[in-house]
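Colleague: I would like a close look at one part of this model. Please take me through it step by step.

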Amino acid sequence: MALGLLLGIARAYRRKRTSSLNILTSKTGPRDYYKGKNCKPTGFHTRKGGYVVVQEKLPNYVVPDLTDFKLKPYVSQCAINANTTDAGAGK
């Protein structure tokens, strides 16, 4: 009986230790804990409650010019009748 009691206490102690090492989420953290969504800030807050957007922090997408590109953006899921050529077979 004493051995079972000691094993139960040790098991509960081990559970508490491993559960405290888990990743802190907004559900398991304090009431005012806000984790966020891993976004980078695009500016800063002013003293009067405003927000200033910094242009250097905004994402800059470089898109190439695709006016004379021969491939189409849509790929059919049912490519049964597709004609394929074997590039390695040419001698």
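Predicted model: local features only at pLDDT ≥ 70, side-chain atom pairs only at ≥ 80, totals over all residues.

Where in the chain is confidence lowest, and where is it highest?

Modeller: Confidence is lowest in helix α1, residues 2-20, with a mean of 69. Strand β2 has the highest confidence, at 96. Across the chain, pLDDT averages 78, and 75% of the residues score at least 70.

Now the setting. The chain holds 1 helix and 2 strands. Read from the N terminus, the order is α-β-β. Of its 91 residues, 2% are buried.

The patch itself comes next. Tyr51, Val53 and Leu58 make a nonpolar surface patch of about 240 Å². Tyr51 sits in strand β2, which spans residues 51-53. Tyr51 has a relative accessible area of 39%, so it counts as partly exposed. Patch residues must have over 30% relative accessible area. Tyr51, at 39%, is therefore above that cut-off.

Lys40 belongs to the loop between α1 and β1, the latter being residues 43-45. Lys40 counts as exposed because its relative accessibility is 68%, and exposed means over 50%.

To recap, the patch is made by Tyr51, Val53 and Leu58, and Tyr51 lies in β2, where confidence is highest.

Technical notes. Residues numbered from 1 in each chain as written. Heavy atoms only, no water. Patch = residues over 30% accessible without salt bridge, like charges linked within 9 Å, V, L, I, M, F, W, Y side chains within 5 Å. Areas by Shrake-Rupley, 256 points an atom, 1.4 Å probe, with all protein chains shown as cover. Salt bridge = Lys/Arg side-chain N within 4 Å of Asp/Glu carboxyl O. Helix = DSSP H or I, 4+ residues; strand = E, 2+ residues; numbered from the N terminus. Buried < 20%, exposed > 50% of the residue type's maximum accessible area, 1.4 Å probe, protein only. pLDDT = per-residue confidence, 0-100.
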